[in-house]
There are 2 protein chains.
Amino acid sequence: MAQLLHLAKKLSSPYPWTSSPLIISAPMRVMSGPALAVAVSRAGGLGFVGPGLKTQNIIKDLEEASNLIQKSPILGAQRAPSSSQTLPVGIGFQLWADDIDTASSAIKRFKPCAAWLFAPRNGQKDIDTWSRRLREASPKTSIWVQIGTVAEAWSIVESSEKPDVIVVQGAEAGGHGRAHDGMGLISLLPEIADVLAAKDVHIPLVAAGGIADGRGAAAAFALGASGVAMGTRFLATDEARIAHGYQAEILRASEGGTSTTRTQLYNHLRGTFGWPEEYSPRTIINRSFVEFQAGRSFGELKVAHDEAVKKGDEAWGPEGRTATYAGAAIGLVKEVKPAGEVVRDVRGFVEGIFGEGRRMKL
Amino acid sequence: MAQLLHLAKKLSSPYPWTSSPLIISAPMRVMSGPALAVAVSRAGGLGFVGPGLKTQNIIKDLEEASNLIQKSPILGAQRAPSSSQTLPVGIGFQLWADDIDTASSAIKRFKPCAAWLFAPRNGQKDIDTWSRRLREASPKTSIWVQIGTVAEAWSIVESSEKPDVIVVQGAEAGGHGRAHDGMGLISLLPEIADVLAAKDVHIPLVAAGGIADGRGAAAAFALGASGVAMGTRFLATDEARIAHGYQAEILRASEGGTSTTRTQLYNHLRGTFGWPEEYSPRTIINRSFVEFQAGRSFGELKVAHDEAVKKGDEAWGPEGRTATYAGAAIGLVKEVKPAGEVVRDVRGFVEGIFGEGRRMKL
C-alpha cells in the first residue's frame, strides 16, 4: 500500500494541475485533438493529443493546444517545477509510422508534459531509441510507454532507458492493441505489477482498455494502477475531433463481445498498410466485415467502402462500411458530454468507492 | 451504492456462515471435490463441489461433504433459516451433459445451499427447465446461473424463472467459457449490471474469470459484483482433487496471454465430444497444441496423448500432452496453500482496500 501511494505521487508530481486519482484521455490518432486534450487537463486530468496522419500534423495541434492554454491558463499548471517550459498536455506517437526527427523537433519546440510511445517496429530497441531522442530534445517531457503483454514488461525491466510511466493496455481496448497475445486487464495488470516488484523497478502503471466509467476506473486502481486512461469514452465528448456519424455509432453500439472485433480489414480498406504484425485494431463491426467474412473479395469491398466514405456520416453505422475503432466497453457509453464532466464524474466515483480518506492510501 | 449493499445482503443472507465480502470456490469438474468445498465454506466462504464425470458421481461427493461437516460442524451454518435442511456447500452442473433426474434426486436428498448451472444445450429454455426442477426438488437450494455475454443477461431478464444469483464469467476464465463472444470482466460486468438495473431486476452478480488474488477480487467488487468466484487459484490448494503434475504446471506457468489458449483439442484428445459450440475451454498450451498447430494429424496426436497419460504426472507440463485447464491469471498463482488461507487472504485484502467501515457501503 505504501508502495502504491509512492507510485501515485511519482506519477502525478510532474503534473501539478492534476487531481488524484489521475484520469487520462488516451492519444487516439486524429480524434484526440487539442480541444479534447486541453479540456481534460483543465478538469484536473491529463489530456493527450493523438498522433497525426503525418507526424508533421502534430505541430499544428500542439500549437493550437498551446494557444488555448495561453488564452485561458490551466489552474495549477504554473506550479509545475518546469512551469515556464512544459505544456500541460501530452502527445502520442506510433513509433512504426511516425518520423523521429519531426517528433523530436516538435517536442523540443512545444515541450509537452508527456510523450506516449506505442507500436514500435522493433520492440524495445525502437522504444529505447525514441526515449533517448525525446529526452534529449526535452528533458522534462516524461516518457510513457504502452504495453499489452507481460513479455514487454520484462523487456522494460531489462532496458537501461526505462520509461517514467508504463501504460498497461488490456485486450478490451479499442483501436490498435495486441493482435494475438492480449489479455484482460484484470489478469494482466497485477502480473505486470508483480514483474516490476520482483525486479525492484518502481515505475507507476496507468491502466487502459475496456474502461469507460467510474466502475472500470475504480477496478483498475484496485488492481494496482496509479492512473487510468480512457479512449472510447472520450470519443463521445463535445471536444472529440470526430465525425458525427462515427460518434452516433459509438452511442448506438453495445455488447462489445459481439459487436466489436479485431481485424486489419479496415486499415487495408482505408489504405493503411504496414502495421507491425503484433498489433491489430478493435472496431465496431459493420457491412465491410460481415461481407468479408461471407467471402466477398477485397477489391469489391474496397470499391463499396470508398463509395460509402463519400456519403459522409452514412459511412458509419451497422449498414456503414468504414473503420469505427472502439473498445469492448462500448455498451457503457450512451451520452455525449463535455470531456471535463467525464473526468470529474469518473474521478468522483472512484473517490466515493475508496473514500476520501482511504484514497491516498491506495 | 445503496442498491449494491442491498444486493450483497441478498447474496449472502441464505449462507449465514459466510463473511463479507463473499469469496467463492467455483465448481470445477472433478477437481472441486468435497474437501475443497468444505474447506472454503469453513473459512467463511462458499465452496462448490464440481460436476462429476457422470452425474451419479456427485452423490458420493455430497455424501462425503455432508460427513465432513457432520464430523466438524461449520460455525454459523446452524444459524441458516433452513439450518437443519441445507448443506453449507453448493454443487455445479453442466446442463448439456448432466442428467436432470439424477441431479434432482441428489439435490432433494442432500439439499446443497446452491446449485450453479452452466452450459445449457438450448440456452435459457434449458436453464428454466433445470431451475424449475431443482427448485421443486429443494426449494431452499438457491439457483445460480453462469453467463458470459450481455445477450444471456437479456435472456434472464425476460425469463419467468429467474435465478437467485448470476455468475458473470469474463473471457480470462480457465476451463470452459464462451468460445467466440467472450469479453473481459472489466467491460462485461458493468454492462450486465446496467441491463439488470434498466429492467429493475435485482439479482446479485458474482464475478468470475481471471481473478486469482485480492487485487482482482477488489476490482470485481468495484465493478459492481456482490461476490467473487475463483477457480484456478483453488487448483493450487492442499484440498484440490488434482494430480501432482497438473498442480505443478499451475505453479510453473505464467503470462496467460501467451501460455494459455481456448481450444477444443484437449476435449477431443480425452474423448469428450458434444460441448455446445458456444463454449470452449482455456488451457495451458503444451506439446499437443503446438504440434496440432504445426499440422500433425489428430490420430497421431491422440496416440501420443494416450501414451503420455499412462505416464502419470509427466502428462502435464510444457512437454506434456494432456488437458491443463487454467485461467489467464495463471501467472498470479505461485504457491500451494490451504484453501481456507486463500479465502482469508483475498477477503482480507479486499477489506483493506475498501476499509472496514466503507466495505458494506459498496
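## Two domains in one chain

Chain A splits into domain 1 (2-243 + 332-359) and domain 2 (252-330); these bounds come from an automatic or database domain assignment. Keep in mind that this is a predicted model, where local features need pLDDT of at least 70, side-chain atom pairs count only at pLDDT 80 or more, and totals for chains, interfaces and linings use all residues. Residues are numbered from 1 along each chain as its sequence is written, chains are lettered from A and ligands numbered from 1 in the order in which they are written, and side-chain values use heavy atoms, with hydrogens and water left out.

## Where the domains meet

Even so, they touch: 27 residues of domain 1 of chain A are in contact with 24 residues of domain 2 of chain A (contact means heavy atoms within 4.5 Å). Together the two domains of chain A bury about 2100 Å², with 53% of it on carbon and sulfur atoms. Buried area here is the accessible area (1.4 Å probe) that two parts lose on being put together, summed over both. On the domain 1 side, A:W96, A:H176 and A:R178 lose the most area to domain 2 of chain A, together 27% of what that side buries.

What kinds of links run between these domains? There are 0 salt bridges between domain 1 and domain 2 of chain A (a salt bridge is a side-chain nitrogen of Lys or Arg within 4 Å of a carboxyl oxygen of Asp or Glu).

## Chain A meets chain B

Now for the contact between chains, which takes 42 residues from chain A and 42 residues from chain B. Chain A and chain B bury about 3200 Å² between them, 62% of it on carbon and sulfur atoms. The interface of chain A and chain B has 2 salt bridges. One pairing is B:D194 with A:R215, whose closest N and O atoms are 2.9 Å apart. Chain A and chain B also share 11 residue pairs in polar contact, both at pLDDT 80 or more.

Several helices of chain A each supply at least two residues of the side that touches chain B, among them α7 (185-198) and α8 (214-223). The most comes from α7(A), with 7 residues. Helices (H or I, at least four residues) and strands (E, at least two) are DSSP runs, numbered from the N terminus.

## A two-fold pair

Chain A can be laid on chain B with an RMSD of 0.0 Å by a turn of 180° and a shift of 0.0 Å along the axis, so the two copies are related as by a two-fold rotation axis. Copies are superposed by least squares on the C-alpha atoms of residues with pLDDT of at least 70 in both. Of chain A's residues, A:A219 comes closest to the rotation axis, at 1.9 Å (C-alpha). Because 100% of the interface residues of chain A are also interface residues in chain B, the copies meet through the same surface.

How values were computed:
Polar contact = N/O pair within 3.5 Å; in protein donor to acceptor, adjacent residues only side chain to side chain.
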